[in-house]
Amino acid sequence: MTRRDLGKIAVGTAALLPKRQARAAAAKYTGALDGFEDKVKAAGFDPVLITKQLHDAAPLRLTFDAQTRRQAEQWQKKLRAKLTELLGGFPEKRSPLEPQTLEVREFPGYRREKFVIQSRPGFYVLGYLLTPKSSSTPHATVVCVPGHGRGVDDIVAIDEKGQDRTDKAGYQHDFAIQVVEHGMAAVAIEPMAFGCRRDPVTKSKGLGNSACQPSAGGLLLLGQTMIGWRVYDVMRTIDWIESRKELDAARVGCMGISGGGTCTLFSAALEPRIRAAMVSGYLNTFRECIMSVSHCIDNYVPGILNWAEQYDVAGLIAPRPLFAESGERDDIFPIAASRESFTRVQKIYAVFDAAANTEQETFDGPHSFWGKRGLPFMAKHLA
């Protein structure tokens with residue numbers, strides 16, 4: 001072979017390189033099974049699919065199957081006890097609240113008080129009490145729990161610089177302010193691991209970073225859960241409401257969006273002093289949301305699917321009023337599962353002969369607070 005022939009081969013090979021590189025780029029490497037798909041069962045390597053299969057075989061030993069109200073009440077008693085155990089339990093003795101008012105400010109339509117209470121020994125909750133100037137005391141009162149974000153500032157009209165705002169920005173739309181606009185008092189609390197209730201390392205990363213990962217993970221190592229701690233904070237907040245003469249402790253509701261919806265659902269399920277609940281952007285099934293989409297660690301309750309699904313937890317609120325709302329374009333709580341879950345909740349309310357006490361609204365929107373029917377629902381049932 002001559003040098004000229006070798007040169008021709010080299011030129012031809014060089015011409016092919018870009019084409020080969022283009023083909024290689026098109027066939028992006030995805031893992032060690034590339035090219036072996038016909039030799040293995042791909043489904044056996046999908047962990048989400050496997051956990052869904054486990055869900056479908058889960059015993060759900062205390063899922064609702066009562067036929068009469070008496071049977072339903074007995075079911076609620078058993079599931080409440082088991083759910084309390086799964087959440088890690090609650091303290092047998094409640095510590096002094098040691099309430100402290102930090103600031104009081106007047107706004108055109110309401111008065112805002114910033115306060116602190118002790119939930120557990122040495123463990124504190126910050127909150128805002130918003131009381132409307134348009135209604136007489138004692139006020140019907142709604143405990144308001146924000147979802148993931150900056151914490152309680154996101155629902156009481158405080159912007160990223162700590163300044164007042166009026167535009168109801170963000171996906172939570174300052175819903176505590178909307179509660180006041182509907183004539184009820186709002187007690188908006190800072191959830192554990194958000195806002196001022198974070199460790200210094202997390203705080204250094206910015207306002208929108210939560211401390212859920214280290215704190216919820218730490219609680220799981222101790223056999224406890226973040227949901228359990230947040231529910232107990234709601235219980236202690238109601239203890240504080242009972243101490244305030246301008247608030248009507250017999251007319252207390254609870255409301256939350258997203259992670260705040262989680263807290264609302266579990267709190268209303270376990271705290272009978274909550275007379276009405278509004279769950280925004282949460283009611284679904286564990287199978288289609290928590291097991292199928294990447295969620296914060298604060299959503300997980302070890303072993304719960306051995307006993308119940310999410311609609312069973314919601315059924316513990318019956319026959320007290322429950323409103324659920326969901327965005328039809330919510331990409332973390334799929335709308336089909338929200339509708340399915342609510343249908344099951346309706347069946348539980350029907351056994352209690354309380355079908356009129358539960359409603360659902362779906363709206364053309366993403367994962368966000370809506371409130372068009374939910375806020376009037378709460379105002380009606382807390383009147």
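A nonpolar core is taken here as a set of buried Ala, Val, Leu, Ile, Met, Phe, Trp, Tyr and Cys residues joined through side-chain atoms within 4.5 Å. Buried means under 20% relative accessible area, exposed over 50%, and partly exposed in between, with a 1.4 Å probe and protein chains only. The structure is a predicted model, in which local features need pLDDT of at least 70 and side-chain atom pairs count only at pLDDT 80 or more, while totals for chains, interfaces and linings use all residues. Residues are numbered from 1 along each chain as its sequence is written, and side-chain values use heavy atoms, with hydrogens and water left out.

The protein has eleven helices and nine strands, assigned as DSSP runs (H or I, at least four residues, for helices; E, at least two, for strands) and numbered from the N terminus. Its C-alpha atoms fill a box of roughly 105 × 55 × 40 Å along the principal axes. Of the 383 residues, 50% are buried. Among contacts (heavy atoms within 4.5 Å) with a separation of 6 or more, 69% join residues 24 or more positions apart.

In soluble globular proteins, nonpolar side chains tend to be buried together. The largest nonpolar core holds 65 residues, of which Val 143, Val 234, Trp 240, Phe 266 and Ile 304 touch the most other members. Helix α7 gives the most to this core, with eight residues. Beyond its neighbours within four places in sequence, Ile 304 contacts Leu 83, Leu 86, Phe 266, Phe 286 and Val 313. A second, separate core of 32 residues includes Leu 126, Val 156, Ala 157 and Ile 177.

Phe 266 belongs to helix α8, where it is buried. The twelve residues of α8 (residues 259-270) should span 16 Å at 1.5 Å a residue, and the end C-alpha atoms are 17 Å apart, which agrees; the expected span is 1.5 Å times one less than the number of residues.

Glu 271 lies in the loop between α8 and β7 and counts as buried because its relative accessibility is 5%. A polar atom of the Glu 271 side chain lies 2.9 Å from the backbone nitrogen of Arg 273. Not counting residues up to four places away in sequence, Glu 271 touches Met 235, Ile 238 and Arg 320.

Rings of Phe, Tyr and Trp (its six-membered ring) pair if their centres lie within 6.5 Å; planes under 30 degrees apart count as stacked, over 60 as edge-to-face and the rest as tilted. This rule gives nine aromatic pairs. One of them, Phe 90 with Tyr 232, is stacked, at 6.0 Å centre to centre and 15° between the planes. The two residues are 142 residues apart, Phe 90 in the loop between α3 (69-87) and β1 (100-106) and Tyr 232 in helix α7 (residues 226-241). Phe 90 is partly exposed because its relative accessibility is 22%, whereas Tyr 232, at 1%, counts as buried. Phe 323 and Phe 377 form a tilted pair, 5.3 Å centre to centre with 50° between the planes. This pair joins strand β8 (residues 322-327) to helix α11 (residues 374-381), and both Phe 323 and Phe 377 are buried.

Terms used: A polar contact is a pair of N or O atoms within 3.5 Å; within protein, one must be able to donate a hydrogen and the other to accept it, and residues adjacent in sequence count only if both atoms are side-chain atoms.
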